[in-house]
Amino acid sequence: MKFKIILTVFLCSVGIASAQSKKWTLQECVEYAVDNNLTIEQFELDLQNVQLEKSDALGDFLPNLNASSSVSGNTGLSFDPTTNQAVTTTIFTATGGFSSNVTLFDGLRNLHRYNRAKLNAISSQYRLDNLKDDIRLNVANAYLQVLSNKESLRVFNAQYAVTQQDLKRTKELVEAGVVARGDLLEVEATAATQEQQIVNAENSIIISKINLAQLLQITAYENFDIVDESFEIPPSEVLTNSPKTIYDKALTFRNDIKLSEMNVDIAEKDLKISKGALLPTLGAFFNYNTRYSSQQQFDAGTGQFFRDSFRDQLWINDGISYGAQLSIPIFNGFTVKNNIKRSKIGIDRAKNQLEQDKLALETTINQAYVDVKSFAKAYEAAEKTVEARRLAFEYSKERFDVGLMNSFDYSQAQSRVDDAEAQLIRTKYDYIFRLKVLEFYFGMPITLD
């Protein structure tokens, strides 16, 4: 027994340690967000509700069947329901029956409603898929922000390590009388500034991880982390395509465009439903009824009163009615005519929205294409700037070590290197994200491979 308890505790401890040590990849984050996002779950419930509309429309083709019954008592003057004669007594009666109605023709509106319900289900699926696309992009952006902040922290730590060496060297130069004590204070101020930068970078990492965890609906922020990797600019062939080529391909699979196209089809079904109200409606009905009465009846042949049993009365007093009903619309206060006009307006609106969505997609892709080109150039320029600043700083360091540069100018040279490296990190991840956005519009999955 003790062994089982110890084994259970050990396995739980291993499980907890494994959960805390797990570090998420971008692909895992994207998949988890799509599977667990509350907004997506809400849209999935809406999709289930829309599926029921299709079942409702299918049910309109079928006849209905209803049963009814009633029991009543009358005291005093009343009419016997089985003989229709006035009597002054207490009568208990019971009636029951079945009725059924079916629509044979209603201007094909039932058929159009069913087809509309099917289109609406497809439209809801496109809406759900489009939401998933937006969440994937948001997760990718948040993930890259964590990476950017982590890389910034690594740079700040490296810079702080160099400053600590400079601080040690400056103390030696001050003790040797090569530089003034004020230079030491300047280097100490630089070290303090870098310490503050490290603290701010650590806070930025925490905040960015919390933002990413919230997108994934993960509340255990303190245990959440992503893979510690230094990503370089990933190779991509998307820029070998023109914006027009990317746009033409996006039109074939983008869910927002499919959603707008489906809305046009739904609007056209609405018009057919409205026009169906101009045609006659033909229906059929069938009714079966029977009754029972506690009132006795007089038999003239025997001169005696009698009352049939409950079962016999149900058989004797039953009746059937059936027939057809035809309704021809002649004038309905312009209701049908105005509904047709509204449906035509709805088609025009859906078509206009489709063109607007296509235009917005084309604009977005063109902007994304320009952004990728611009940030690629900005990244190249930032690399050159960092290289130049590092060379300048090395030269300044050599002069400072021999007392040919004061500490203020030396700290300024180091500050320019820090700024250049921070700018390089920002442009790097800005470029990666915009590249991934452009690839996404080209139908490529979001990965950092």
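Biologist: Before we look around, what should I know about how the values were made?

Modeller: The model is predicted, so to speak of local features we need pLDDT of at least 70, and side-chain atom pairs count only at pLDDT 80 or more, while totals for chains, interfaces and linings use all residues. Residues are numbered from 1 along each chain as its sequence is written, and side-chain values use heavy atoms, with hydrogens and water left out.

Biologist: How many helices and strands does the protein have?

Modeller: Helices (H or I, at least four residues) and strands (E, at least two) are DSSP runs, numbered from the N terminus. Here there are 10 helices and six strands.

Biologist: What does the radius of gyration say about the protein?

Modeller: The radius is taken over C-alpha atoms, and the globule rule is 2.2 Å times the number of residues to the power 0.38. For 449 residues a compact globule would come near 22 Å, but this protein has 40 Å. Along the principal axes, its C-alpha atoms fill a box of roughly 145 × 70 × 40 Å.

Biologist: And what share of the residues is buried?

Modeller: Buried means under 20% relative accessible area, exposed over 50%, and partly exposed in between (1.4 Å probe, protein chains only). Of the 449 residues, 36% count as buried.

Biologist: How do I describe two packed helices?

Modeller: Packed helices are described by the angle between their axes and the distance between the axes. Axes are lines fitted to C-alpha atoms, for helices over the stretch in contact, and angles run from 0 to 180 degrees between N-to-C directions. Take H4 (residues 109–175) and H9 (residues 335–401): their angle is about 25 degrees and their axes are 11 Å apart. That makes H4 roughly parallel to H9; angles under 35 degrees count as roughly parallel, over 145 as roughly antiparallel, 65 to 115 as roughly perpendicular and the rest as oblique.

Biologist: Which residues make that contact?

Modeller: Contact means heavy atoms within 4.5 Å. H4 brings Asp 166, Arg 169, Thr 170 and Leu 173, and H9 brings Phe 393, Lys 397, Phe 400 and Asp 401. By class, three are nonpolar, one is polar and four are charged (Ala, Val, Leu, Ile, Met, Phe, Trp, Tyr, Cys and Pro count as nonpolar, Asp, Glu, Lys and Arg as charged, and the others, Gly among them, as polar).

Biologist: At what angle do H2 and H3 pack?

Modeller: H2 (residues 26–36) and H3 (residues 38–59) pack at about 45 degrees, with axes 6 Å apart. That makes H2 oblique to H3. Ala 33, Val 34, Asp 35 and Asn 36 of H2 meet Leu 38, Ile 40 and Glu 41 of H3, and these divide into four nonpolar, one polar and two charged residues.

Biologist: Where does Leu 108 lie?

Modeller: Leu 108 lies in the loop between strand S2 (86–105) and H4. Its phi is positive, about 65 degrees, although Leu 108 is not a glycine. With 42% relative accessibility, Leu 108 is partly exposed.
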